[in-house]
Amino acid sequence: LRDKYTYTIKNLCKQSENFKNWKTSKSQFSTSQILSVSDIQRGGTVTTTLGKWVGRVSSSGSDTRLGQWTWMTFKGDTNLTVITAYRVCQEKGTSGDMTAHAQQSSLLLNRTPTPDPRKQVL
């Protein structure tokens with residue numbers, strides 16, 4: 001899905017006047033390790049930098065396991081790291097099969113008998 005979203009963003013930039021500032025962009029995506037059977041993947045994050053700021057990005061990364069955060073570090077006199085995080089809204093209980101809460105709970109079961117994705121992201 002990451003490749004599909006990157007391709008879609010680049011095509012939108014080329015086709016629309018509204019995206020003229022997106023001609024130069026860098027995006028970092030995160031999704032959980034659980035594969036979706038459709039084009040929809042609940043949860044995840046994206047951090048995008050546009051225009052002249054792209055040249056200042058020195059590094060970037062993401063949470064490749066749970067899909068809870070992405071980050072980019074910008075070089076300058078003082079380096080600046082921007083973190084984009086996603087915290088699921090369900091506190092406890094049941095959730096749909098492919099919600100972000102269900103995906104993260106399933107992946108956290110390997111580490112704890114009582115997973116709580118909402119607390120884990122803090």
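**Figure 1. Order of the secondary-structure elements along the chain.** From the N terminus on, the elements of this protein follow the order α-β-β-β-β-β-α-α. The model shown is predicted. In total, the protein holds three helices and five strands. It has 122 residues, of which 29% count as buried. Among contacts with a separation of 6 or more, 52% are accounted for by residues 24 or more positions apart. The protein exposes about 8,200 Å², and carbon and sulfur atoms supply 52% of that area.

**Figure 2. The open sheet of strands S3, S4 and S5.** Three strands make up an open sheet in the order S3-S4-S5, with antiparallel pairing. Strand S3 (57–62) and strand S5 (80–85) stand at the edges with a single partner strand each, so one side of each has no neighbour in the sheet. On average, and with direction ignored, neighbouring strands of this sheet are turned by 10 degrees against each other. Strands of a sheet pair through backbone hydrogen bonds, in either a parallel or an antiparallel manner.

**Figure 3. Pairing of S3 with S4.** The antiparallel strands S3 and S4 are joined by five bridges. One of the paired positions involves serine 60, whose bridge partner in S4 is methionine 72. The two strands form a hairpin with six residues between them, and in this hairpin glycine 67 takes a positive phi near 70 degrees.

**Figure 4. Pairing of S4 with S5.** Six bridges connect S4 to S5, and these two strands run antiparallel. They form a hairpin with five residues between the strands. Threonine 70 stands opposite threonine 84 in S5, and threonine 73 stands opposite threonine 81, also in S5. Of the six residues of S5, the number buried is zero, so this strand lies largely in the open.

Figure 5. Threonine 70 belongs to strand S4, which spans residues 69–74. This threonine 70 counts as buried because its relative accessibility is 0%, and the cut-off for a buried residue is under 20%. Its side chain makes a polar contact of 2.5 Å with the side chain of threonine 47.

**Figure 6. Threonine 99 in the loop between S5 and H2.** Threonine 99 is located in the loop that lies between S5 and H2. With a relative accessibility of 22%, threonine 99 counts as partly exposed. Apart from neighbours within four places in sequence, threonine 99 is in contact with Arg42 and Gln90. Between threonine 99 and valine 88 the C-alpha to C-alpha distance is 9.1 Å, and the two are 11 residues apart in sequence.

**Figure 7. Helix H2 and its packing against H3.** Helix H2 covers residues 100–108, and eight of its nine residues are buried, so the helix is largely enclosed by the rest of the structure. The buried residues of H2 are Ala100, His101, Ala102, Gln103, Gln104, Ser105, Leu107 and Leu108. These buried residues pack against helix H3 (117–120). In an α-helix there are 3.6 residues a turn, so residues three or four places apart point the same way.

Technical notes:
Residues numbered from 1 in each chain as written. Predicted model: local features only at pLDDT ≥ 70, side-chain atom pairs only at ≥ 80, totals over all residues. Heavy atoms only, no water. Helix = DSSP H or I, 4+ residues; strand = E, 2+ residues; numbered from the N terminus. Buried < 20%, exposed > 50% of the residue type's maximum accessible area, 1.4 Å probe, protein only. Polar contact = N/O pair within 3.5 Å; in protein donor to acceptor, adjacent residues only side chain to side chain. Pairing = 2+ DSSP bridges. Axes fitted to C-alpha atoms, helices over the stretch in contact; angles between N-to-C directions. Contact = heavy atoms within 4.5 Å. Areas by Shrake-Rupley, 256 points an atom, 1.4 Å probe, with all protein chains shown as cover.
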